[in-house]
Amino acid sequence: MKLNFIKLSAYFTLVTSFTIAQEQEPSKTIEEIVISDTKFTQSKEKSGKIIEKITAKDLENKKGQSLANVLSQVAGVEVNGNQSGTGKNLAYYIRGGRSRQVLIVIDGVPVTDASGIGLQYDLRLLPVEQIESIEIMKGAASTLYGSGAATGLINITLKKAVKKEIVGTAYMNIGTQNVPNQTKTSAQDFNQGFSINGTKGVISYFTSLNSSETKGISEAAGTNFETDYFSRVNALQKIGIQFNSKFSIQTFANYDRLKSAFDGGNFTDESANISLSEQFRVGFTPKYKYANGELNLVTGFTNLERQYDTYSTWTSSVEESYYKSRSVSVDLFNKYNFSKAFFLILGTQFQFMDMQEETSYENILNSNANFNVIDPYVTAIYYSNFGLNINAGARLNKHNVYGNHTTFNFNPSFSFKSVPIKLISSYSTAYITPSLYQLFSPYGNLALKPEENTTIEAGFETTIFDKKVTLNTVGFYREQENTYDFFTDPTSYESQYINNSNVVIAKGMETSLSIKPVSYFSINGNYTFTQVAEAQSKLIPKHKVNVSFDVDLTKKMHWNTQYQYVESRNDAFFDSNTFATVNTVLASYQILNSNISYEVLPNRLSVFTAVTNILDKDFYENIGYSARGRNFKLGINLKF
């Protein structure tokens, strides 16, 4: 059935989407808690880092947006592909780094695609509806988290069981899929799901099923191209047992399936190309609390398989590619409180990865392509009674291929008692292990050393006017050595991965401002300046601005509007006519989004209307690939 979304949007004032009211505790004033810089809960005021936290309430206020959209509005974070077609690959850039330098953690377990060249995880596999909160900690964090946490950490916490015996939720939303200057009004974006969760005695459970189906946009930019579809299915099961006040265990299992059509490249339409990814994750987390501390074991196993059908212009046939990876993470860590002012975290992390590849051009066996690491680490935390806080630690990375590597961090901060200002600073190092492909493929090099990053940062945070205004600013300087590069010998034409001897320098500044003069109105904004070497600057904007407004129009109606400005970026594409790589500059662009939500039945049914790219701006996120134009979304969400 064809739906006219323009007329429906006018009726609901802008756009309508119905969303579910989540189980919430009674409103009360509590201090904000973060976990990323210690792995344990602590007051954000005691942290020596500026940790950006996206809460469940923040996600509620940005209905109709994907996880990539939400992350890209954080200071210092650029998620390329968040404005493109739903099936477009994502890339993560934090502080001038690339995707391989950003570590993603889900419920304490690091996630990765061990068969990928850069080991980066595909966030398209995760629906935003499963997420409870997100913390983004920028800067080197390998001391606590190991490989990959070089420029930033994205720490995702999935939803948990409520305290009631049983609570059910269900949602559905539908929307348009237009590129700029298109005005299709039919429904082409469908998202739906449900969850059942609760606590009965010592047992807690959380079960959810989510699915998405999207069509209507061609991945490649061009007129009269066929549209490319995207579909995703996600199932999540959590079970917890609280044996007593000291000992508990949480388990999880999830299945994610992603299928999409993709095109042949920049401006190149191709109907035969299909990709399929299937992921299975399972793990358990026992926790034991004792008089002076807490002992945690966080485990996870991932099996990820990817298949591609790709049309080859060289053979005039469809070629099949298959990739399989397995990864294991076991992280045992203990917090011991010597006093209220000083505690020590001691841990050891074990990781194993292997990969298998079957293509028309190369085959890699997982019996050959595998590695393991064992990393002991220590972090000491000191809170003084005069404002000085110190977070310092070190990690020994023991890799079975390249040997040993050491990282450390020193993160002092000082809070003045006479004025509401906190000064922060840090000096930290990080490393990135070479991927299995870079080590064991036909282009592999077993002599590769880990890529190294050193980051210095300094800044301040202040909260004034009875906590109605919060301002923070951080400047950073990062040096990157042993960068992984692909080298072809001009004489023999033999190729392999190498460590580039050049030092890459990135520097910049991030500032965020939050103003809440009254309980029903707030303004949040941030500005990011990033300067990186020309050769490393592809798709990284030098200047970026985000501003959002939140207004409680009534006790039941909420309005949110977001504005984003992204400056021009460098890009490149392969010209199939000249067989040369062509450098180009993408024009700057600005996006305006808005939504209105309304609680129809208290804690039972709420509705919202959302419109993205209101001004219908035409732009490129990547040269040759489509960007989304003005689109509308409608939905419904229930709790029972």
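Because the model is predicted, local features need pLDDT of at least 70 and side-chain atom pairs count only at pLDDT 80 or more, while totals for chains, interfaces and linings use all residues. Residues are numbered from 1 along each chain as its sequence is written, and side-chain values use heavy atoms, with hydrogens and water left out.

The predictor's confidence in each residue is called pLDDT and runs from 0 to 100. The mean pLDDT of the chain is 92, and 95% of its residues reach 70 or more. Over residues 5-29, however, the pLDDT is below 50. Where pLDDT is low, the predicted coordinates should not be read in detail.

Next comes the surface. V503 lies in the loop between β28 (495-500) and β29 (504-518); strands here are DSSP runs of E, at least two residues, numbered from the N terminus.

Leaving aside residues up to four places away in sequence, N595 touches several others, among them H558, W559 and F608; contact means heavy atoms within 4.5 Å. A polar atom of the N595 side chain lies 3.2 Å from the backbone oxygen of N61. For the backbone oxygen of K63, the distance to a polar atom of that side chain is 3.5 Å.

Technical notes. Helices (H or I, at least four residues) and strands (E, at least two) are DSSP runs, numbered from the N terminus. A polar contact is a pair of N or O atoms within 3.5 Å; within protein, one must be able to donate a hydrogen and the other to accept it, and residues adjacent in sequence count only if both atoms are side-chain atoms.
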